[in-house]
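I open this notebook to record what I looked up about the ligand and its surroundings.

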Amino acid sequence: MPAIDPALIPNALRPIIDALCATSIDLSRVIARGPLAGKLGAGVGENSDGDQQKALDVMADEMFEAALRGTGVRYYASEEQEDVVTLDDDGGYALATDPLDGSSNIDVNVTIGTIFSIFEAADNGEASFLRKSSDQIAAGYIAYGPQTLLAMTFGDGTQLYVLDPERCEFVLVEARMTLPEAAKEFSINASNRRHWTPPILAYVEECERGRDGAKGKDMNFRWVGSLVAETHRILTRGGTFLYPADARPNYENGRLRMVYEVGPMAFLVEQAGGKATDGMDPILSLTAEALHERRPFVFGSAEEVERIAALHG
Ligand code: AFP
């Protein structure tokens, strides 16, 4: 029994998507057990970017890497591993992933997720990922929350699936998600206010002034600390997400990684009619130069993303 209704999945990618779905179903069971499954949020080391690695980060990475062998993935790149791994020499694809996004939420029962991006394999591992973001042929996330959800695109709209726990299968609920043009909410880690650039500060102050200012409408504020949760909310009801460059050391390009966080989320958002930029330029027009490079990231309702670009003048 495939772990997902295969109707809208390109034949060549079905083994990869099925492996991702089957593994995420197993992972969702571990996550749902929380402390009964051990100390999932315990620090176990550092990843390539110096971020603390949690036990679940490493477990998820190992599960996905093992499950993708023999599915057509030649190169595997992960937030949790320094270098690209060759899985199958005769595979035709390259898959990048943040196997467990939102790790700071593991121990507090808040939605966390898996993000993935798929390219045609190039001549070598690095070349398969250090390329224009618009070369992606598929992208998606799984959200482990009250529901286990899969949002995915193959370049013809963003599809939404919900896991039916009884059937152990992801069932299509929306073939073409539409990100609302207007926003009522904005998301940014407000504790970094003193580190922001003037255009970002100006936008946030416009949102805070609401109907008393240029916006002419009140905005609400949300910050979950889990990119997958924020992205799903914005895809569903609109809004703006900002993780900009800021003045902190090592944050001159923000916090989010281009290849396995920013690129795939940009693809999903744009396929749903939203926009995704680095504050000014479309993410999909940018080229990754290093596997773990960071990029400032702004996405969501088109009119808001355009306003932020305008404020950058
Ligand atoms: P972790 O996986 O290390 O928790 O990082 C999550 C994340 O990459 C993204 O999911 C959040 O939007 C962002 O970081 C939260 O960053 P802050 O902790 O700086 O708010």
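I began with asparagine 189, where an N or O atom of the side chain is 2.8 Å from an oxygen atom of the ligand. I count a polar contact as a pair of N or O atoms within 3.5 Å. The model is predicted, so local features need pLDDT of at least 70, side-chain atom pairs count only at pLDDT 80 or more, and totals for chains, interfaces and linings use all residues. Residues are numbered from 1 along each chain as its sequence is written, and side-chain values use heavy atoms, leaving out hydrogens and water.

I next looked up tyrosine 243, which has a polar side-chain atom 2.6 Å from an oxygen atom of the ligand. For arginine 255, I noted 2.7 Å between a polar side-chain atom and an oxygen atom of the ligand. The ligand taken alone exposes 480 Å², of which the protein buries 86%; such areas come from the Shrake-Rupley method with a 1.4 Å probe.

I then listed the shell: 14 residues surround the ligand, each with a heavy atom within 4 Å of it. Among the closest are Asp101 and Leu227. By class, I found five nonpolar, six polar and three charged residues, with Tyr counted as nonpolar and Gly as polar.

Finally, I turned to the domains, whose bounds come from an automatic or database assignment. The chain is divided into domain 1 (6-174) and domain 2 (185-311), and each gives at least three residues to the shell around the ligand. I noted 49 residues of domain 1 in contact (heavy atoms within 4.5 Å) with 33 residues of domain 2.

Notes: Polar contact = N/O pair within 3.5 Å; in protein donor to acceptor, adjacent residues only side chain to side chain.
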